[in-house]
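Biologist: I would like to learn how to read the packing of side chains. Please take me through it.

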Amino acid sequence: MSEIVNIKAAIRKSSDKKRALGAARFFKTEPGQYGEGDIFIGLTVPISRSIAQQFSNLNLYNIEKLLTSKIHEERLIALLILIQQFQQGTSSVKKAIFTFYLNHSTYINNWDLVDLSADKIVGEYIQNKSQSILLKLAKSKNLWERRIAIVATFTFIKKGKHTMTFKIAELLMHDNHDLIHKATGWMLREVGKRVSTIQLKMFLDIHAATMPRTMLRYAIEHFPEIERKKYLLKK
C-alpha cells in the first residue's frame, strides 16, 4: 500500500467516537461558530505525534493530501510532520516548507493548528530575514492568518525580542474576534515573562484603555493583583 493509505489507516485505527464528539464541541464546530464544519475522529495529541513520527518522511505531495483533508486530526498530523522536516531540513527544505505552509494557510484553520506550528515554521524561517510577511498576514481578512501573524512572533520572544510582537499587537488591537484577542494577549504576556516586564507595562500604559478586555486580561495574567486592578480600571 502507498504511504498515504498507510497513514490514513493508522489514523482511523486510533479514532474514538466519544472523544471526537467532545473535541467537536470544544473546538466550536456548530454552524456560525469559528470551527464550523470541522470534522474530528477523536485522536489524542500524543497519538497524533506518534503517527507523525512514524511517517516523518512523508513527501510534500502526500502531506498536502493530509493538510487539505476535512478531518482535523489529519491536518494536525500533516503539520506535525512539516515541523519535524523543517527542524531537520537544509535551508532549501526550510524555504520549501515555509512557502508550502503559507500557500496552504486556508487549511490551518483552527487555533490549535496555528498555535502548534506558526512559530515553529513561519517565525523560525523569517527570524533573520524580512518579517514583512507578518504585517501582511496581520491585515488579512482570514482569522487564522491574523492569528498566525501574532503567534509567529513567539519565536522572537523566546530569543529576547519584543518589537515585532508589539507592532503586530498594535495592528490587531481593534480586531473583532475573541480568538485574536486571546492570542495577542498571550503573546504580550509572554513578552512580560520572557523579555521585559517594564517594556510590557510601557506598552500597556499606552494601550490598556482601548484594547479589548480579554486581550488585556491575558496580558496581565501574571501581574500582582494590585497591578492587574490598576490596568483593568483603565478600561
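**Rings and core**

Modeller: F166 and F203 are both buried (under 20% relative accessible area; exposed is over 50%, partly exposed in between; 1.4 Å probe, protein chains only). This is a predicted model, where local features need pLDDT of at least 70, side-chain atom pairs count only at pLDDT 80 or more, and totals for chains, interfaces and linings use all residues. Residues are numbered from 1 along each chain as its sequence is written, and side-chain values use heavy atoms, without hydrogens and water.

Biologist: How many aromatic pairs does the count come to?

Modeller: Rings of Phe, Tyr and Trp (its six-membered ring) pair if their centres lie within 6.5 Å; planes under 30 degrees apart are stacked, over 60 edge-to-face, the rest tilted. The count here is nine aromatic pairs. F166 and F203 have ring centres 4.5 Å apart and planes at 25 degrees, so they are stacked. The rings of F223 and Y231 are tilted, because their planes are at 55 degrees, with centres 5.9 Å apart. F223 is buried at 8% relative accessible area, and Y231 is buried at 1%. Ring pairs also join F26, F27, F40 and W111 into a cluster.

Biologist: Which residues touch the most other members of the largest nonpolar core?

Modeller: Nonpolar side chains tend to be buried together in soluble globular proteins. A nonpolar core is a set of buried Ala, Val, Leu, Ile, Met, Phe, Trp, Tyr and Cys residues joined through side-chain atoms within 4.5 Å. The largest one has 75 residues; I7, I77, Y101, V122, L134, L188 and L204 touch the most other members.
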